[in-house]
Amino acid sequence: MPPPVPRKALNLKQKVDIIRFKDSNGGWSIRKLADKFGIGKTQVAEVLKNKENILRRYNENSTNEKSRRFQRNGPGELIDKIILEWFNRVRNKNVPVSGPIIQAKALEVAREIECDDFKASNGWLESFKLRHNIVFKSICGESASTNLTIVNEWKSKISEIVTGYEPQNIFNADETGLFYRALPDKTFSYKGESCSGGKIAKERLTVLLCVSMSGEKLKPLVIGKSVKPRCFKGIDVSKLAVEWKANSKAWMTTIIMTDWLQRLDQQMKTQNRKILLFLDNATSHAHLSLDNVTLIFFFLQI
């Protein structure tokens, strides 16, 4: 039986190193940790048992040290104070705040106080978070699944379906919702703070995107709620970089999709091209017989 390992005095940094190593290597046993750090198993167990208290003391010491260095930076202290006050205001309204939002706000403040040499770098952001005990949290999340058996069956048929078509003539089109007033679903907040969101902004557009295997992108189709929105005043809609359509719910409809497909067919006829177009089985996707566009519909998701 090997002799017991003599107890070794550990400073706060060494204890934190053990905790962080264990967090990054979850499968390591206390025995393996003891061998790695050259201390006894009892000592390792004590460190892990007091993990929260050790990390709290370490963070407090680090924060105090960074604060002492930070206060010598002149305008940096003023920027920090203004950003913290702003952060408190927006979080009190349950507005999600991401890292890039904080950095953009800090640059705005720096310009206002004419601090031209200030850089809202990732390092500055990390220091700001550490000074004020701020962490990044998820507000909500969701997951979805698809029947993989059907997916694999479909994949096995694709090579046969595309036979005779060059990559530049194989297209895929699909819609996506653009919630142009939506806020991030994650936010920085104080440790221990409950993290709930406010009312979710539901203003949306529908965008139809179409691209070929070779990377050719067709003009996007955007569907809004108004044929002539107020923001389009004085603008020739036909000259926009997108096609604009509208209905009361800003949704894709069979009428809009049929019109788009027929115009696409005419465009390909003008270019003397025969293309294959993959679409999903949305109810708004019309099953048409066209001259220069062959429609292939993906399986229904189950």
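Leaving aside residues within four places in sequence, Leu-290 is in contact with Leu-261, Gln-262 and Asp-265 in this predicted model. Leu-290 itself sits in the loop that runs between strands β7 (275-279) and β8 (293-297).

Asn-272 is placed between helix α9 (254-270) and β7. Its phi is near 55°, a positive value in a residue that is not glycine. As a rule, most residues other than glycine have a negative phi. Asn-272 has a relative accessibility of 69%, and because the threshold for exposure is over 50%, it counts as exposed.

A positive phi is also found at Glu-114, where the angle is about 60° although the residue is not a glycine. Glu-114 belongs to the loop between α6 and α7 (122-131). With 67% relative accessibility, this residue too is exposed.

Two packed helices are described by the angle between their axes and the distance between the axes. For helix α5 (residues 75-92) and helix α6 (residues 99-112), the angle is about 130° and the axes are 10 Å apart. The arrangement is therefore oblique, and the crossing of the two helices is right-handed. On the α5 side, the contact is made by Ile-79, Ile-82, Ile-83, Trp-86 and Phe-87. These residues meet Ile-101, Ile-102, Lys-105, Ala-106, Val-109 and Ala-110 of α6. By residue class, the contact comprises 10 nonpolar residues, no polar residue and one charged residue.

Aromatic side chains form another set of contacts. A pair of aromatic rings is described by the distance of the centres and the angle of the planes. Across the whole structure, a search finds seven aromatic pairs. In one of them, Phe-21 and Phe-37 are arranged edge-to-face, with 5.8 Å from centre to centre and 85° between the planes. This pair links distant parts of the chain, since Phe-21 lies in helix α1 (residues 12-24) and Phe-37 in helix α2 (residues 30-37), 16 residues apart. Phe-37 is partly exposed because its relative accessibility is 22%. Another edge-to-face pair is formed by Phe-118 and Trp-124, with a centre-to-centre distance of 5.5 Å and an angle of 85° between the planes. Phe-118 and Trp-124 are both buried. Beyond individual pairs, ring pairs connect Phe-21, Trp-28 and Phe-37 into a cluster.

These local features belong to a chain of 302 residues, of which 32% count as buried. The chain contains nine helices and eight strands. Among the contacts in the chain with a sequence separation of 6 or more, 63% involve residues 24 or more positions apart.

Terms used: Residues are numbered from 1 along each chain as its sequence is written. This is a predicted model: local features need pLDDT of at least 70, side-chain atom pairs count only at pLDDT 80 or more; totals for chains, interfaces and linings use all residues. Side-chain values use heavy atoms; hydrogens and water are left out. Axes are lines fitted to C-alpha atoms, for helices over the stretch in contact, and angles run from 0 to 180 degrees between N-to-C directions. Helices (H or I, at least four residues) and strands (E, at least two) are DSSP runs, numbered from the N terminus. Angles under 35 degrees count as roughly parallel, over 145 as roughly antiparallel, 65 to 115 as roughly perpendicular and the rest as oblique. A crossing is left-handed if the near helix is turned anticlockwise from the far one by less than a right angle, and right-handed if clockwise. Contact means heavy atoms within 4.5 Å. Ala, Val, Leu, Ile, Met, Phe, Trp, Tyr, Cys and Pro count as nonpolar, Asp, Glu, Lys and Arg as charged, and the others, Gly among them, as polar. Rings of Phe, Tyr and Trp (its six-membered ring) pair if their centres lie within 6.5 Å; planes under 30 degrees apart count as stacked, over 60 as edge-to-face and the rest as tilted. Buried means under 20% relative accessible area, exposed over 50%, partly exposed in between (1.4 Å probe, protein chains only).
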